Amino acid sequence: MSPRAKTTGAASAAGPKVGEVVERFELEKAWLVDPVSGREGPGEIVVRDGVLESVVWLEGEEAQGVTDKGVVVGPGFFDLHAHFREPGFEDAETVASGSAAAAHGGYTTVAVMPNTSPALDDPGVLERIRSASRASGSPVEILAFGAVSAGRAGEQLSAMGELADAGVIGYSDDGAPVKTPKLLRSALLYAGMLGLPVVEHAEDIELTAAAEAHDGYVASILGLQGWPAAAEVNAVSRDLGVLADALADEPRARLHLTHLSTAASLDLVRRARAAGLPVTCDVTPHHLALADEWIAGSRRWSWEALSADGGSRDPWADGALTAWPYNTSLRVNPPLRTAADAAACLAALLDGTASAVVTDHAPHTVVDKEVEFGRASNGISGIETALGVLLALVDAGKLSLAGAIAALTTGPAAIVAGWPAAAATPAARKRGLTEGAPADLVVFDRADRWAVTEASLLSKGKNSPLIGRELSGRVLLTIAGGKLAYEDPQA
Amino acid sequence: MSVQAYGAAGVPEIDSAPTQEVVWHHRHLLDVDALTWPEIELIMRTTDEMKGILARPIRKVPALNGRRVTTLFYEASTRTRVSFETAARNLSADVVSISTATSSVTKGESLVDTIRTLEALGAEILVMRHSVSGAPYLAAEVFGGHVLNGGDGWHAHPTQALLDLYTMRQHLPGGDLRGRKVAIVGDILHSRVARSNIWSLTAAGADLWLCGPATLLRGMDRWATAWGDGAIPGHGRFHVTSDVEVAVRDADVVMALRIQRERMQGGLLPSLREYAARFGLNAERVSLAKPEAIVMHPGPMNEGVEIAPDVAVSGRAVITEQVANGVAVRMALLYLLAGAHETGRPHDAHSGEAIR
């Protein structure tokens with residue numbers, strides 16, 4: 001690891017193992033980013049006995065030669081939306097493999113979604129996840145959302161109160177929307193009473209039955225059944241309407257809309273927030289950086305597919321189709337949208353409509369992905385590539401480095417801080433480079449590109465459309481809660 | 001062996017095995033979008049040769065003697081399957097025929113496993129029909145031989161588009177479609193025939209009009225708009241309309257597409273009767289086309305729905321010619337593919353070129 005760095009741990013002279021307290025780690029002359037204070041610049045850090053002992057900002061001659069293009073230190077990332085598939089789908093991912101993948105991606109806290117089997121609809125399932133986390137030895141902190149409905153069946157409420165007592169940070173039937181507006185209203189009220197949010201996967205499933213790809217030019221040419229933007233817009237307007245209604249009875253009702261993907265639905269959220277509704281939302285790296293034209297074989301970033309008038313360029317006209325079409329790792333829910341929608345996701349992130357980037361890390365087995373496009377499971381394995389994708393946005397001048405890191409740290413933390421019962425918990429803690437606090441940080445090198453391959457991904461899910469591509473920002477070290485979570489083997 | 005020269009591309013006499021002289025570098029035929037116009041013309045000329053064979057008393061030549069063609073149909077089909085198998089047998093290929101009703105597919109075997117099994121059993125050329133768009137692309141990724149798309153989902157039906165093109169050329173002076181008006185009327189949204197015909201007919205320079213009720217034209221308007229300014233190299237513009245008279249008026253070619261009964265359940269059409277009344281190709285509508293215009297249909301027909309019975313059997317109808325030409329076009333494609341250079345993985349076939 002460069003510049004000069006030294007990591008020592010408790011157990012061996014060769015450095016700590018994953019899960020062990022980082023006894024001593026010093027990093028000289030790196031670019032520090034602290035999204036809590038808003039400060040970034042050349043600096044040095046010292047970790048001793050798992051505590052971030054000192055953060056020194058360098059000035060003048062000492063700072064010379066240190067730029068934001070090299071080694072960067074930021075707070076550990078917080079993923080508000082991931083699927084670790086345990087219990088029930090351990091072939092696709094486990095808490096252990098997911099935690100390893102998360103740490104490789106720079107994450108130190110991950111909130112997992114409850115669409116497991118059985119669904120996380122009672123505290124027993126949460127205990128299984130926690131026990132798997134402990135057994136993994138990984139220090140990556142696992143938070144969880146409970147299901148809104150029992151068995152995610154959309155009929156009756158899950159054991160919401162018991163789940164709250166056990167420590168879930170909210171409720172979601174993710175993978176699907178809360179089935180009916182009536183149930184959503186009950187869920188918002190009951191969860192609001194408990195001080196927790198409903199996290200909604202906004203999809204009008206009537207409009208998306210048998211849908212395969214965003215209902216647009218690319219789907220028309222490829223003969224794929226259209227997944228209309230209206231499916232998300234309808235669901236978001238339903239959800240906002242029900243939220244406004246529920247607030248009259250329970251002012252602590254909170255709604256978080258996850259993985260929004262269309263310009264129109266983000267605009268609805270923008271207006272609702274301006275009107276004072278307690279609604280937040282997030283976007284994913286793939287909806288920011290990829291567009292539906294990838295299914296036809298394009299591999300350019302979404303901003304490279306944007307025309308001068310803000311519309312989408314034509315990959316056929318541009319001769320931009322360089323990869324084999326119908327790659328099932330691009331099949332995801334919500335689907336990859338147009339370049340213009342991707343630009344709207346970015347605009348929402350920049351203006352604060354969306355305050356976090358979440359991975360929606362959705363690992364799948366080969367059995368579920370090496371099939372016909374229309375029969376493939378939805379989802380992208382993305383927790384290890386999120387940083388690299390955001391850095392591509394930074395490299396292209398679309399997003400500041402500090403903005404990218406904030407979207408992965410303070411952004412999600414601020415969303416959680418808006419949920420009354422979660423506000424006082426560690427999940428909502430400010431994620432900065434704070435002296436005297438347990439070291440929780442990531443070190444990555446923007447100058448060091450790494451190849452995304454099946455072998456380089458620690459997730460069991462190799463369903464990444466970025467396989468075969470190089471990303472910048474190799475993660476060199478991740479420390480979670482003072483313990484080693486990931487260290488680059490070459491570092 | 002006599003070699004008949006066609007410009008730069010030499011096509012050897014068909015009675016001999018394919019040789020390197022065939023200038024054809026596509027390992028698979030998945031859609032016409034990947035074909036350049038000279039390649040399409042090569043297919044047309046090769047089809048001419050095959051027509052010559054079909055005119056002989058004995059229609060069989062040894063060109064693909066010992067080559068193994070497997071037809072794998074995941075969707076019911078009579079004419080396409082029989083057409084491919086007849087084409088392969090005319091070239092003396094060994095034909096294995098698999099339908100999903102009799103295969104391990106009913107036991108839940110994945111497409112990829114099926115393809116690998118067929119390859120292990122010796123399949124060299126795989127003719128595939130599948131209900132999911134893009135499925136042959138997956139097959140081509142795992143199959144070591146050649147994949148010939150016999151129709152995938154809503155996406156593509158390249159041999160149908162090529163036999164349609166061949167049939168149109170037979171009936172147009174000089175075989176030239178440039179500026180000739182072609183109207184395709186029917187369920188465009190769900191039609192792989194329409195999609196492949198868009199690629200081939202805009203490459204041929206035809207004045208292409210797609211027509212149907214708005215519910216069955218979804219997405220076509222934005223496609224036509226995107227191509228309207230000649231954006232795609234090698235392809236002209238095309239038009240979309242729900243006015244059947246506008247589409248058919250002064251047309252040189254009028255093609256009807258099948259309307260499926262399921263479209264009513266999907267809420268896309270009020271009734272077949274209403275479709276027939278508003279969009280069906282009847283004698284009155286066909287009379288708006290040019291006097292010498294031909295009437296086509298890819299089959300199978302719903303007579304009385306998308307095409308009136310008297311139109312289907314009129315002197316203008318070339319529907320049985322399409323079927324006959326289908327055998328010749330498929331012979332040509334089997335022949336060309338069997339002689340294509342081996343280029344390893346399908347990606348290599350494009351050697352960095354854009355895959356259209």
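This is a predicted model: local features need pLDDT of at least 70, side-chain atom pairs count only at pLDDT 80 or more; totals for chains, interfaces and linings use all residues.
Local features need pLDDT of at least 70 and side-chain atom pairs count only at pLDDT 80 or more, while totals for chains, interfaces and linings use all residues. Residues are numbered from 1 along each chain as its sequence is written, and chains are lettered from A and ligands numbered from 1 in the order in which they are written.

Start with the whole chain. Chain B has 13 helices and 11 strands. These are DSSP runs numbered from the N terminus: helices are H or I with at least four residues, strands are E with at least two. Of its 356 residues, 51% count as buried. Buried means that 20 or more other C-beta atoms, placed from the backbone, lie within 10 Å of a residue's own. Two residues are in contact if their C-beta atoms lie within 7 Å. Among contacts in chain B with a separation of 6 or more, 75% join residues 24 or more positions apart.

Now look at strand β9(B), residues 238-241. In a regular strand the side chains alternate between the two faces of the sheet. Here Phe238(B) and Val240(B) point to one face and are buried. Strand β8(B), residues 207-211, runs parallel to β9(B), joined by four bridges. Strands pair if DSSP finds at least two bridges between them. Leu210(B) has Val240(B) as its bridge partner.

Finally, helix α4(B), residues 135-142, is largely enclosed by the rest of the structure, because six of its eight residues are buried. Tyr137(B) and Leu138(B) are among them. Their cover includes α3(B), β5(B) and β6(B).

Note on methods: A residue is buried if 20 or more other C-beta atoms lie within 10 Å of its own, exposed if 12 or fewer, and partly exposed in between; C-beta atoms are placed from the backbone.
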